[in-house]
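Please read these notes with the model open beside you.

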Amino acid sequence: TRLDEALAEADTAPRGALHRVPYALKDAWDTAGVRTTGGSYRHRDRVPTTSSPIHEALKAAGGVLVGKTNCSDMSLAPEAASWVGGATRNPHALARTAGGSSGGAAAAVASGMVDFDWGSDIGGSIRLPAAYCGVYGLRLSSSTWPMHGEFPSAPPSLTYMNGQGPITRTLGHMKAVLDVAAPTMRV
């Protein structure tokens, strides 16, 4: 989490469509100056110097990043458990998984920790956690929303399968997030 920084940023956030709205990013999206591990213990100290386009777009719209959400090691498993973040539980049934690999994102949204999160999805990593946690998740088309700023990047042979998208509690929130992201993310 980066709660102290988020409180300070909320006071100076731009007056955009997401003015002072708290959000998180899956720990697979680069954020300059904020640790991005991809859920991997071997990358636990990785701090990128540049941010992903989605982080830049959300920040420019006034959104306030409160933290990064847990994912599986290198986002490769259908759960959100790693040596970096531990195991993410389903907020509705703590004995159950939140799914993955964007399980930390879906659990954070479902529990009300944040208004929305932005996940990645190569084989259900947005869709499964959203379904498990009772929130909305949308995997966007890889051809119109290409991946930039994700860690780790998918191998070139799999980039056509790798997608991204929002996880929200309501369809209204989803539309607001997509309206902000679309102009900067689509080709």
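1. Helices (H or I, at least four residues) and strands (E, at least two) are DSSP runs, numbered from the N terminus. The model is predicted: local features need pLDDT of at least 70, side-chain atom pairs count only at pLDDT 80 or more, and totals for chains, interfaces and linings use all residues. Residues are numbered from 1 along each chain as its sequence is written, and side-chain values use heavy atoms, without hydrogens and water.

2. In helix α3 (residues 103–110), 8 of the 8 residues are buried, so the helix is largely enclosed by the rest of the structure. Buried means under 20% relative accessible area, exposed over 50%, and partly exposed in between (1.4 Å probe, protein chains only). Among the buried residues are Gly 103, Gly 104 and Val 109. The buried residues of α3 pack against β2 (64–69), β5 (89–90), β7, α4 (127–133) and β9, where contact means heavy atoms within 4.5 Å.

3. Rings of Phe, Tyr and Trp (its six-membered ring) pair if their centres lie within 6.5 Å; planes under 30 degrees apart count as stacked, over 60 as edge-to-face and the rest as tilted. The count comes to 2 aromatic pairs. Tyr 23 and Phe 116 are stacked, 5.1 Å centre to centre with 5 degrees between the planes. Tyr 23 lies in strand β1 (residues 22–26) and Phe 116 in strand β7 (residues 116–121), so the pair ties together parts 93 residues apart in sequence.

4. Both Trp 118 and Trp 145 are buried.
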